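Visitor: I would like to learn how to read a protein model. Could you take me through this one?
Guide: Gladly; here it is.

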Amino acid sequence: MAASLSTVEQGKRLAARAAVDQFVKDGMVIGIGSGSTVVYVAERVAERVRDEHLSLRCVATSYQAKQLIHQHHLTLLELDQVDMIDVTIDGADEILTSTLDVIKGGGGCMTQEKIVAAASRCLVIVADHRKRSERLNTQFGYVPVEVVPMAAPRLAALLNSNAHPRLSRPEADGGLPHVASATLRMAKAKAGPCVTDTANFIVDIDFGGISDPAAVEQRLTLEPGVVTVGLFIGMADHAFIGEEDGSVTTLHRRASST
């Protein structure tokens, strides 16, 4: 391990390598996720292909993932070229330790990530210790929601005004928890909104904590124009968490709160 890596980066790298070593086997089709931790996943997969002469095929969850696959000279397939993905290894912005429900989409790739995850026999999450949470949307500041461009500004405005005729209803009556803020995500290196790999916009919603993630996902998904909610409920099977002390904690999914 490189001595120059920070404690957090060391944790990411250890978690990624442990996940690849445990779950990647010769002959598999594997999904390569997105984000900073997955950089170490691709690195370890490439090492094992080289050192162990593994025959692997990879499906990407984003343009970044495609770049990593090409960079490491791995075999890239499109999703429609495979019947099933054996395992996908992906990152997360926040992990609910009790159920392994996660928030994803901080990097804007949640739609393709969710499609690939749903096509996988097993979804493994890799992250550092900062991503662990006892209640979703308390560690990570928002839930990303991918929205068709024409609907995104209006959805954000309605959520902020608490004037939405359906979403502003009480939570017990099919509405949402209190919305602290809803923001149209802006690009950092271009003028205007952030545009996803699937050519949509993102509304980042801060609930200040979510007690029932499945209900929030379901309610938002019903809203016209919403493409994907960055809540992955009941999808992750295992999580590898890189700790500050250099150890790796492995978590396994239990029954969802729903």
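Visitor: Is Ala215 buried, partly exposed or exposed?
Guide: Start with the rule: buried means under 20% relative accessible area, exposed over 50%, and partly exposed in between, with a 1.4 Å probe and protein chains only. Ala215 has 32% relative accessibility, so Ala215 counts as partly exposed. Ala215 lies in helix H6. Before we go on, note that this is a predicted model: local features need pLDDT of at least 70, side-chain atom pairs count only at pLDDT 80 or more, and totals for chains, interfaces and linings use all residues. Residues are numbered from 1 along each chain as its sequence is written, and side-chain values use heavy atoms, with hydrogens and water left out.

Visitor: How many helices and strands does the protein chain have?
Guide: Helices (H or I, at least four residues) and strands (E, at least two) are DSSP runs, numbered from the N terminus. The protein chain has 6 helices and 15 strands. Its radius of gyration is 18 Å, close to the 18 Å that the globule rule gives for 258 residues, so the chain is as compact as a globular protein of that length. That radius is taken over C-alpha atoms, and the globule rule is 2.2 Å times the number of residues to the power 0.38.

Visitor: What box do the C-alpha atoms fill?
Guide: Along the principal axes, the box is roughly 60 × 35 × 35 Å. Of the 258 residues, 54% count as buried.

Visitor: How do I read contacts along the chain?
Guide: Contact means heavy atoms within 4.5 Å. Take the contacts with a separation of 6 or more: residues 24 or more positions apart account for 74% of them.

Visitor: Which residues does Val203 touch?
Guide: Leave out residues up to four places away in sequence. Val203 then touches Val143, Pro144, Val145, Val147, Ala152, Ala156, Ala182, Thr183 and Leu184. Val203 lies in strand E11, residues 201–206. At 0% relative accessibility, Val203 counts as buried. Thr183 is 20 residues from Val203 along the chain, yet their C-alpha atoms are separated by 5.4 Å.

Visitor: Back to helix H6. Is Glu217 buried or exposed?
Guide: Glu217 is in helix H6, residues 213–221. Its relative accessible area is 18%, so Glu217 is buried. Leaving aside neighbours within four places in sequence, Glu217 is in contact with Lys114, Val229, Leu231 and Ile233. Ala215 and Ile233 are 18 residues apart in sequence and 9.9 Å apart in space, C-alpha to C-alpha.

Visitor: Now sheets. How do strands pair?
Guide: Strands of a sheet pair through backbone hydrogen bonds, either parallel or antiparallel. Here two strands pair if DSSP finds at least two bridges between them.

Visitor: How many bridges join E5 to E8?
Guide: There are 2 bridges between strand E5 (residues 94–96) and E8, and the two run parallel. Ile95 stands opposite Arg132 in E8.

Visitor: Which way do side chains point along a strand?
Guide: In a regular strand the side chains alternate between the two faces of the sheet. See strand E4, residues 87–90: Val87 and Ile89 point one way, Thr88 and Asp90 the other way, and all are buried.

Visitor: Which strands pair with E4?
Guide: Strand E1 (residues 29–32) is joined to E4 by 3 bridges, running parallel. Ile30 stands opposite Val87 there. E4 also pairs with strand E7 (residues 123–128) in the parallel sense, over 3 bridges. On that side, Thr88 stands opposite Leu123.

Visitor: Which phi does His53 have?
Guide: His53 has a positive phi of about 55 degrees, although it is not a glycine. His53 lies in the loop between helix H2 (38–52) and strand E2 (57–60). With a relative accessible area of 67%, His53 is exposed.

Visitor: And Asn137: is it buried or exposed?
Guide: Asn137 counts as buried, at 3% relative accessibility. Asn137 has a positive phi of about 70 degrees and is not a glycine. Its place is in the loop between E8 and strand E9 (143–147).
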